[in-house]
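Reader: Could you walk me through this structure, a few residues at a time?

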Amino acid sequence: MLCIALRLLSNPVLSWPLAGMLSAAPEGVKKPTRGGAAVSSSIQNSNIIAANLAAVEAHFHSEATNEVEAALDLYTDDVVWEAPARGLRFEGKRAVADNYTQMFAKMEDVEFETLQRFATEDRVVDDSVVRFRLTGEGYLPLSPGAQVEMRLVHIFEMRDGLISKEIGYEMWRTAA
Ligand SMILES: *[C@@H]1O[C@H](CO)[C@@H](O)[C@H](O)[C@H]1NC(C)=O
């Protein structure tokens with residue numbers, strides 16, 4: 001994939017759509033220069049990966065309202081959000097935001113422990129454990145007040161430093 005990207009970038013005819021994509025990348029990602037393209041494009045790729053990792057790091061947060069809102073800013077307008085264990089799929093930032101906000105309103109004392117996280121130019125994968133107390137109905141099929149420990153695996157699809165798709169594989173149990 002890297003080789004293909006490098007070949008595309010070093011071809012002046014084919015390089016413009018890729019260069020356009022890269023110029024829309026977040027701050028700190030340098031635009032490609034003609035000549036020396038191979039070296040600068042590999043720097044580009046690692047900058048894109050770093051930006052993707054930073055966006056996902058910022059997306060993991062507590063139940064605090066301001067943090068939930070900041071996390072929603074990291075979605076593209078056409079984001080798709082899935083929680084397969086609960087059979088949920090939402091399309092578009094508004095629909096996703098509604099359910100996401102309701103979900104965090106049912107949690108308190110949220111703590112994430114990241115086990116591993118890695119990224120490519122267009123994906124981030126995260127394997128975490130999240131611990132919280134359930135405060136209401138409508139999120140998990142557990143009694144309000146339950147202390148929950150959830151193994152949570154995410155595949156994020158990334159575009160221009162934002163999350164364009166989030167699939168969260170939720171494996172919950174009540175903690176002792
Ligand atoms: C999210 O939406 C689904 C489907 O409409 C609903 O069953 C669920 O209760 C919502 N989640 C929360 C936490 O409200």
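Predicted model: local features only at pLDDT ≥ 70, side-chain atom pairs only at ≥ 80, totals over all residues.

Reader: Is Asp 109 buried or exposed?

Author: Residues are numbered from 1 along each chain as its sequence is written. A residue is buried if 20 or more other C-beta atoms, placed from the backbone, lie within 10 Å of its own, exposed if 12 or fewer, and partly exposed in between. Asp 109 has 11 other C-beta atoms within 10 Å, so Asp 109 is exposed.

Reader: In which strand does Asp 109 lie, and what is its phi?

Author: Strands (E, at least two residues) and helices (H or I, at least four) are DSSP runs, numbered from the N terminus. Asp 109 lies in strand β3, residues 107–119. Although Asp 109 is not a glycine, its phi is positive, at about 55 degrees.

Reader: Where is Pro 84, and which residues does Pro 84 touch?

Author: Pro 84 lies in the loop between β1 (75–83) and β2 (88–91). Contact means C-beta atoms, placed from the backbone, within 7 Å. Not counting residues up to four places away in sequence, Pro 84 touches Ile 167 and Tyr 169.

Reader: What separates the C-alpha atoms of Pro 84 and Gly 168?

Author: Pro 84 itself is exposed, with 11 other C-beta atoms within 10 Å. Pro 84 and Gly 168 are 84 residues apart along the chain, and their C-alpha atoms are separated by 7.2 Å.

Notes: Contact = placed C-beta atoms within 7 Å.
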